[in-house]
Amino acid sequence: MAEVKNKEARIGVFLCHCGTNIAGTIDIEAVKEYAKTIPNVVVADNYAYMCSTPGQNKIADAIKEQNLTGVVVAACTPRLHEPTFRNATKAGGLNPFRFEMANIRDQNSWVHMHQPEEATSKAKDAVRIAVAKASLLEDLVPKSVPVEKTAMVVGGGVGGMQAALDLANAGIKTYLVEKNPTIGGRMSQLDKTFPTLDCSQCILTPKMVDVYRNENIELLTYTEVEAVEGYIGNFDVTLRKKARGVITPAEAEARGIVGGGCTGCGDCATVCPVIKPNPFELGMAPRKAIYIYHPQVSPLIYTVDFDACVKCGLCVESCGEKKAVDLDMKDELMTVKVGTVVLALGYDIFPIEKKFEWGYKNYDNVITSLEFERLICASGPTGGHLVRPSDGATPKRVAFVLCAGSRDNTGVGKPYCSRFCCMYSLKHAHQIIEKIPGVVPYIFYMDIRSFGKMYEEFYYRIQDEGAKFIRGRVANILEDPKTKNLHVNAEDTLLGRPVDMEVDLVVLAAAIQPAAETEKTRRLFGVSCSQDGWLLEAHPKLNPCGTTTAGVYLAGVCQGPKDIPDTVAQAEGAASAASIPIHRGEVELEPYFAQCMEDKCAGCGMCVPQCPYSALALVEKDGRTVMQVTEAKCKGCGTCGGFCPGGAIWMQHFATPQIIAQIDAFLLGGEQ
Amino acid sequence: MAVKKDYKDQKLAEKLRDRKYYVPDSNPEFIKDVEKIGQTAAHMCYQCGTCTGSCPSAPRSSYRIRLFMRKAVLGLEEEALTDPDLWLCTTCYSCTDRCPRNLAPTDAIMAMRNLAFKRDIIPRNFLQTVQLIYKSGHGVPNNDANRAARKKLGLEEEPETTHKYPEYLPGIRRILDHYRLKENADRILAEGE
C-alpha cells in the first residue's frame, strides 16, 4: 500500500477527437507526437470517439500488446466517462484504478475555441501531468459494504407519499417523516388540479389512506430530522418527534390504557378556549390550540399547539377515559438506521408583499393564488364561495397576475419560471366562470407556458369559455380607498396601449421558493443546492433524481419547480433509484480511503477531531497507539492527510508522491 | 430593401408604402451604442410592457418606451432616432424602478437622445431650453407670476439660485461652452429658420 510498486511504468496515451469538439481546436496529431516523447509512454494513439466500442477496444488491446501498467485518456470529463474507461482498462487486464483522465475538452477546447495553438499547448501539459500520475498509480480494490434494508422519505407531500408507497410496495420498510401533523402537503390545499379538473383531495386522500395503512410504511408525522450520520447503506438518522400532546391508540395501549388514545372525535377542540389562525387555511379560518388541519387529515390524531395552549385542562376532561391528551408531553429523539434516503421537501410561496407595487398585504382584495385555492374550495373557509376579503361580496371582474415574482432579475423576486402558475391560473379562470355567472377573468401574462400533455388544449378551452388574455406584465396596482376596487395598470403589448383595468379582486400567481426547512435539512444530508436554493441533482439530464451524496435522492419541487405529474414521476424515479442499493444488498465504495502508515504514526490523535465524517479513531495495536480509519465512513476528502504533522496518512489514489509528480510534471516539464 | 412603386399621387404613395422590416433596415451597432452610452443591458428586454404600464407619459401620448427598447434590440436606428416620441420621456424612472429584467429603460432613452442629438435631430423646445439655461441658469426661469406667489408665501422673490447670484452664471456657461451645447443649439435653431 504505502509504497510505489511500479518500478517500470509503461503508459499508454489515448487521445479522443470527440468529433470536432476537441479535434476542431486542438491539433491531435501534434499532441500525439508529443506524448510519445514523454517518459514512460510506450504507446500513443488517437480515435474519433474513444468512448465508442472500437475506441475502448484500442485501450484493451494496447494494454495486452504493450504490457501497459497505466492508461491515460485525454478526452472529456471523469464525471462523464471515467467509468467507461475504467471498464476498458479492466477489460485489458489491468486494475481499473490504473487509469487517469486528462480533460482536454470542457476545460480546454471548449473554452479556448478561438486559440488553437494555446489550446494544443495546454493539451500537451494536461497529458504530461496525467502521465506523471498514471506512472505512480496502484492497484486498488473497492470496498463493499452491506446496505440496510430500510429507506427513509423526508417530506409527506404527494412526492414523498408516492416515493414511500413505491419503496414500501417493493418490499422495503420505509420511514416517512413529515414535519406537519398530517401528510398531504401542498396538494391537499388545492381545490382542483389541471388540466383534468380532478378534485385534488379526492385523488389525494386514497393515497394518504394507502400510506397510513401500508404495513411497510412507518409514518412519522410532526417529526423532523435532527441529525444524520453515516453513508450510503448505513445512515443513522436522528429524528425529533415533536411533543404532540395527544397519543395514538397504539401509544395508549403501550401505556396500558385499554381502548384509549385519540379517535379524532374532536371533543377536545370543541371545549378548547384558545383560538388561533389555521395555517392550513393560510390564516383565513380559525383553529383551536388543540387542532387538526382539516377533516381528511392522516393520521386522524389531534395535536396540541403548546405555544398557544394555556393548559387549562378542559380538553383532558372532555377526552375522559380515552386519556388521549397528555399536556406534559416532551419532544422525543429517536434514531433509525436506513440504507437510502429520498428528500421530498417541497416548497413555500414567495413572500409576494416584497414586490410592493402589487400591494399584497396592503390592499384587502389582492390575494395569492394559494389563498384563492382555499377560497374556491368547498371545504375551505368560505365553503367554496369566492369572496372579496374587504366586504365579502362576490367579485365580477377578477384579474390574474402571472409571473408575480417569477422571471424577475431585480434581486427581489426569483429569476426562474415557477412553471405551474400559467396552468393553475387558467384553471382558476375556469373555476370562477363555472361558479359565478357573468364573471370575467382577465389574465395578465407575458407568455402562456402550457407545455404538458393536454395543457395547450386546456388553454384553448379556457379561452373558449370566455377568459380574457392581456399580454403585458402588471406594472402596478392601486386601490380605490372607497370601493376597495383595484386598478390594475399594465400595457396591453399586443395593442400597444396602456391599460387601467378596474377589478374587484386580484389574484397574484406568486413565485415559489424552497421550503423554509430545506436549507437545514439539505446540510444534514450533505446535499448541494443550486444558486436559487433548489437542491442540486447529480446531473440535470442523466441523473435528475440522484444527488452528489451517494444514497440520497430527490423527489418533487425541492429539486426545482414542477407540477403534480412531474413530481409524482420524479418520486417514482427517486424511489426506484433508492431501492437499487437496497435490493443489491451491498454497495461498492470508491477506494479513495485514507490509510494510516502505522510505522510513521505517532498516535498523537490530532487527526481524529479533524475528520468531518468521524471516520478516524485511535486504537492499540502491537502495544502502540495508532490511528485507524473506518474505510466505509471515509470519503477521501484528504483533510487528515493534509493535516498529519508526521506525514503518516496515505490518501489512496491521491497520494502525496502522485500529486507531487503531477506538480513537478507541470512546473518542470514542457517540450524538451 | 423596401420595394418602391411609382404612384403619381404622393398621398397614395405614402399610404401604400412598403412597411416590411428588411435586414438592411437593421444596424447591429445601434444596440451596442445604446448600451455603451446608457450603461444598461438593453438587449435583455423581454417586452413585458411593465415600462409602458408604469409610464406617466404613455396614457397621454403615443410614446411607448417598450417599442423604443424593441427598436434598439432590432437595430432599427433610423426609426428610433427620427421618432419625435423619443423626446416625450419625463425621466421619472418609474420604468427603471419596476423593470423585472433590472434594466434602465430611461437610460436607454437618454442614450438614444444623445445619438439623435449627434445627428442634429432634436426638438426646437429642447434647444430653446438650452438657450434659457445659458441665459439665466434655468430651463424654466422665474417669472412675475411665480415671484408674486413666492412673495405671498413669505419667500424672497428670487430663489437661492443663479437668479439671486448671477455671478455664478459664467461657470454654467463655461460648462455649456465646453460641450458646445449652446453653439450647436444656436446653429440648429438658425438652420431651421
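1. Helices (H or I, at least four residues) and strands (E, at least two) are DSSP runs, numbered from the N terminus.

2. The model is predicted: local features need pLDDT of at least 70 and side-chain atom pairs count only at pLDDT 80 or more, while totals for chains, interfaces and linings use all residues. Residues are numbered from 1 along each chain as its sequence is written, and chains are lettered from A and ligands numbered from 1 in the order in which they are written.

3. Eleven of the twelve residues of α6(A) are buried, so this helix is largely enclosed by the rest of the structure. Among them are A:V158, A:M161, A:L165 and A:D166. The expected span of a helix is 1.5 Å times one less than its number of residues; for α6(A) (residues 158-169) this gives 16 Å, which agrees with the 16 Å between its end C-alpha atoms. A:G171, with a positive phi near 90°, follows α6(A).

4. Chain A as a whole contains 17 helices and 34 strands. Its C-alpha trace spans about 90 × 75 × 40 Å along the principal axes. Of its 672 residues, 47% count as buried. Two residues are in contact if their C-beta atoms, placed from the backbone, lie within 7 Å. Among contacts in chain A between residues at least 6 apart in sequence, 70% join residues at least 24 apart.

5. Five strands of chain A form an open sheet in the order β20-β27-β21-β22-β23, with parallel pairing; two strands pair if DSSP finds at least two bridges between them. β20 (366-368) and β23 (468-471) of chain A are the edge strands, each pairing on one side only. From one strand to the next the twist averages 25°. Helix α12 (residues 421-435) of chain A packs on the sheet, touching β21 (397-404), β22 and β27 (505-510) of chain A, and its direction makes about 175° with that of β21(A). Axes are lines fitted to C-alpha atoms, for helices over the stretch in contact, and angles run from 0 to 180 degrees between N-to-C directions.

6. Helices α2 (residues 53-66) and α3 (residues 78-91) of chain A pack at an angle of about 35°, with their axes 8 Å apart. The contact is made by A:Q56, A:I59, A:A60 and A:I63 of α2(A) and by A:T84, A:F85, A:A88, A:T89 and A:A91 of α3(A).

7. Strands β32 (residues 616-621) and β33 (residues 624-629) of chain A run antiparallel and are joined by six bridges. One of the bridge pairs is A:E620 with A:T625 of β33(A). The two strands form a hairpin with two residues between them, and A:D622 in the turn has a positive phi of about 50°.

8. The contact between the chains takes 17 residues from chain A and 16 residues from chain B. On the side of chain A that touches chain B, β24 (474-479) and β25 (486-492) of chain A each supply at least two residues.

Note on methods:
Buried ≥ 20, exposed ≤ 12 C-beta atoms within 10 Å, placed from the backbone.
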